[in-house]
Amino acid sequence: MPSSIEPRATTRSRRGALTAMALLLSGGALAWKVLPAMAADSAVVIPPPRDTGTPAAGATSETAVLAGGCFWGVQGVFQHVKGVTAAVSGYAGGDARTANYEAIGSGRTGHAEAVRITYDPREIGFGQILQIYFSVVHNPTERNRQGPDVGTQYRSTIFAQSAEQARIAKAYIAQLDQARSFGAPIATTIELMRPFYDAEAYHQDYMTRHPNQPYIAMHDLPKRENLKRVFPERYRDKPVLVGVGT
């Protein structure tokens with residue numbers, strides 16, 4: 001990540017290296033156009049889960065916590081999903097002491113970059129959230145990495161908020177694997193009831209605030225376009241933002 005935008009981090013992410021390479025190649029923020037091979041994966045059209053579960057009677061708000069590589073893109077996609085009322089970037093899988101960007105970059109904290117998604121179950125269900133997650137948000141067949149970002153902090157993980165969410169997620173992964181929906185087995189793990197910690201303010205709404213940043217342009221904006229193309233009925237143009245950071 002470019003140090004001019006946020007504090008220096010000791011992360012092992014390749015985001016900063018890719019940004020520097022892109023700027024050197026083109027001298028501008030639209031360098032991603034000359035690096036098509038490094039752009040985000042195409043969406044994979046998949047069926048919805050057969051088992052979507054049953055929301056609690058009278059519930060108007062539920063939460064899902066998902067990790068699928070850099071949280072910039074995961075947050076940015078779900079902020080454009082109808083029925084989502086909030087999407088916050090953060091850390092899950094480790095403890096409070098190491099829930100910060102400097103620490104998680106070591107890949108040894110147990111944390112993954114994750115996003116807490118709050119949604120209205122009257123408009124969208126957990127099953128639909130997972131369908132978008134597997135189809136357009138990330139490549140679920142990659143283990144402990146996502147595209148150019150390598151390490152356990154970029155793992156594909158569903159941080160189930162209840163035993164019911166864990167059951168639905170496990171059944172859906174089995175369904176997609178049985179149908180051979182992807183070119184390799186799904187590597188997504190399920191971790192039950194792990195605490196979520198908000199990320200630093202400068203990470204929030206990052207895709208919206210920095211659309212011309214080369215990493216965003218190469219890896220994250222295509223995911224938003226895939227959402228619009230594959231799930232037009234679920235796409236909304238105006239994102240729901242956290243509204244913090246500068």
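The buried residues of helix α4 are Phe126, Gly127, Ile129, Leu130, Gln131, Ile132, Tyr133, Phe134, Ser135, Val136 and Val137. Buried means under 20% relative accessible area, exposed over 50%, and partly exposed in between (1.4 Å probe, protein chains only). Helices (H or I, at least four residues) and strands (E, at least two) are DSSP runs, numbered from the N terminus.

The model is predicted: local features need pLDDT of at least 70, side-chain atom pairs count only at pLDDT 80 or more, and totals for chains, interfaces and linings use all residues. Residues are numbered from 1 along each chain as its sequence is written, and side-chain values use heavy atoms, with hydrogens and water left out.

Strand β1 spans residues 62-68. Of its 7 residues, 5 are buried, so β1 too is largely enclosed by the rest of the structure. Two strands pair if DSSP finds at least two bridges between them. β1 pairs with strand β3 (residues 112-119) in the antiparallel sense, over 5 bridges. Here Ala64 stands opposite Ile117. β1 also pairs with strand β6 (residues 156-160), again antiparallel, over 4 bridges. In this pairing Leu66 faces Ile158.

The chain as a whole has 7 helices and 8 strands. Of its 246 residues, 52% count as buried. Contact means heavy atoms within 4.5 Å. Among contacts with a separation of 6 or more, 80% join residues 24 or more positions apart. The chain exposes about 10,800 Å², of which carbon and sulfur atoms supply 54%. Accessible areas come from the Shrake-Rupley method with a 1.4 Å probe; for residues, only the protein chains shown count as cover.
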